[in-house]
Amino acid sequence: FGSSPPARDPGPSGRGRHQPGFGHVRRPPRCRVLPASACAGANSRNMAKKMADKPSGKSKFARRCLRSAFVLSLRQQEQARRGVKVSAAGRPVTKAAKHVPIKQRAGHPLVPTKVKPSQWRTVEGKPIFVDMTRVAWLPDDFGQGVKMTNPISRSTPGNGGTYTVWISPEGRVFYHRKAIEAELGRKLTASDGFNGQLRLHQLSGKQTCEKKFFALLSPKERRLMKKPSDFHFCVVSARRTGTPEGLQDIANTEAHFKAAGIIPTWYVDEASLQSYKDLGLKAVVGGKLCQARNKCLRDAFRMGKICVQVSDDINRWEYHHGKRAKDRSDDAVNAAHAAATCHVISPVAAARFLHAKLRAAGGPKLAGVYPLGSCSRGFGGPAITTRNFILGDFFVAEKSPVRFDEEMKLKEDYDYTAQHIKKHGGVIRCNRMTISAKHHTVGGAQSNRDKKGLEEQRNIEILMRKWPRVFRPNWKRKNEVIMRWPTTNVDDEDTAVDAEPTGRSGRGRFRAPTAAKGGKVKAKSLVKKDKLKKR
């Protein structure tokens, strides 16, 4: 366990020894309050220019940029010592990285240790700097750092210069995961590093000030806002603790709520209950998917609270504030989306925002977000629509007799949306708010899917039977459906992400339904057929 690593050391993840992304650590979000075009990915210099007019205080750069700048600055110093000049990140982000307190870095141990991180040294006396990221398996009392390396026979000018290491509570330096496991006498898993990942996600989260975000609401909506304590936050999950990916998702979701001062309730399957509790989560038995969802509703309404249901794989909530596109063309909606301001928000702020919109509307009892990760297409219509699909990954529900159909194992949110529209006359879908979710994970609802798609087809048949005029098969995507509620409101129909052209000749355009005699709604094609029959 000396201070000089071997010549070729791929590290525990098999990646190169000098790569900044060492250790399979999930990357944090890149933007705080920037134009939406910057959210797609900007380098440190561009981000520095965009943030130049922001008030001083906390760092305005994402942790990913800070970590890269931090490692590159150390590499530059080491290469300069060897007589080689290499470039580094921009001055603003490099300066910001150096000023991050070591206790605010993810590599800092979570518990007090015998040797303080400020005193970390190798055997030969080289300083070790506390890293800004953390591998998923590292125990709470270990730390992660970056050191500058010595040149070896295979070293080439301009390459290398830094190395990621781990430090025990006693200050002993380790270069390999296997060496730490040999020292502890056991295998290390993602469960050992869960608290560290939880802290990593908390430190990585940069969000818009809630006061500024809620200023986007109308005065009436702000008066109708509820406190966070008036909501019952439910995370529906099952069988996700057995994989590193699942533990990362759980830590990320829990971190978002803890950062907002909320402890959510996890509704899980009975077999996995203890494994969720072992992670320190507030978990209860929920049962199967629809049973768990209905239990969330019953528990919330029994306590007199608003129910907020969240999936366990969401890592980002965004709201894009901007003007509606001039028309529905791709160029127009993309331009409107790019010009909008991107607000990164917490799930608590998102729920309060949606509920304020819901109460101001009066009749509806269900509110949700745009069903895609990008809402550029949503800029072709109004910010709020009332007859569109509400995604089950994140929604807000007030007290209502509507429940999930427990006969369904998949696509239950389609049926739930249709029930709400029929019972309460509509829903509230915010076409400017989006979430970033995986949708396809190991465990959870994915366990109900089969390779042949038989379960998908069974649930589609249920939807067709219950709502013959609302759902039809999606001719572009296998085992998917298109939801189109019969309505005379063109905006509700056209802004639906799942609304498809009604004929080959009308690709890209939508046919608005026409009211027939007796107040019933018919499509234009059906009206024409009726006229031909009369002739």
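Hi everyone! Before we look around, please keep in mind that this is a predicted model, where local features need pLDDT of at least 70, side-chain atom pairs count only at pLDDT 80 or more, and totals for chains, interfaces and linings use all residues. Residues are numbered from 1 along each chain as its sequence is written, and side-chain values use heavy atoms, with hydrogens and water left out.

Let's start with strand 3, residues 143-148. Helices (H or I, at least four residues) and strands (E, at least two) are DSSP runs, numbered from the N terminus. Is strand 3 mostly covered or mostly open? It is mostly covered, with 6 of its 6 residues buried. Buried means under 20% relative accessible area, exposed means over 50%, and partly exposed is in between, using a 1.4 Å probe and protein chains only.

In a regular strand, side chains alternate between the two faces of the sheet. Here both faces are covered: one side has Gly 143, Gly 145 and Lys 147, the other has Gln 144, Val 146 and Met 148, and all are buried.

Which strands pair with strand 3? Strand 2, residues 128-130, runs antiparallel to it and is joined by 3 bridges; two strands pair if DSSP finds at least two bridges between them. Val 130 has Gly 145 of strand 3 as its bridge partner. Strand 4, residues 162-167, also pairs with strand 3 in the antiparallel sense, over 6 bridges. There, Lys 147 stands opposite Tyr 163 of strand 4.

Now for the rings. The whole structure holds 18 aromatic pairs. Rings of Phe, Tyr and Trp (its six-membered ring) pair if their centres lie within 6.5 Å; planes under 30 degrees apart count as stacked, over 60 as edge-to-face, and the rest as tilted. One of the pairs is Trp 137 with Trp 166, tilted at 55 degrees, 5.1 Å centre to centre. This pair links distant parts of the chain, 29 residues apart: Trp 137 is in the loop between strand 2 and strand 3, and Trp 166 is in strand 4. Both Trp 137 and Trp 166 are buried.

Why is the pair of Phe 404 and Tyr 416 called stacked? Because their ring centres are 4.0 Å apart and their planes are at 10 degrees. Phe 404 and Tyr 416 are both buried.

Finally, Phe 213, Phe 214, Tyr 319 and Phe 353 form one aromatic cluster.
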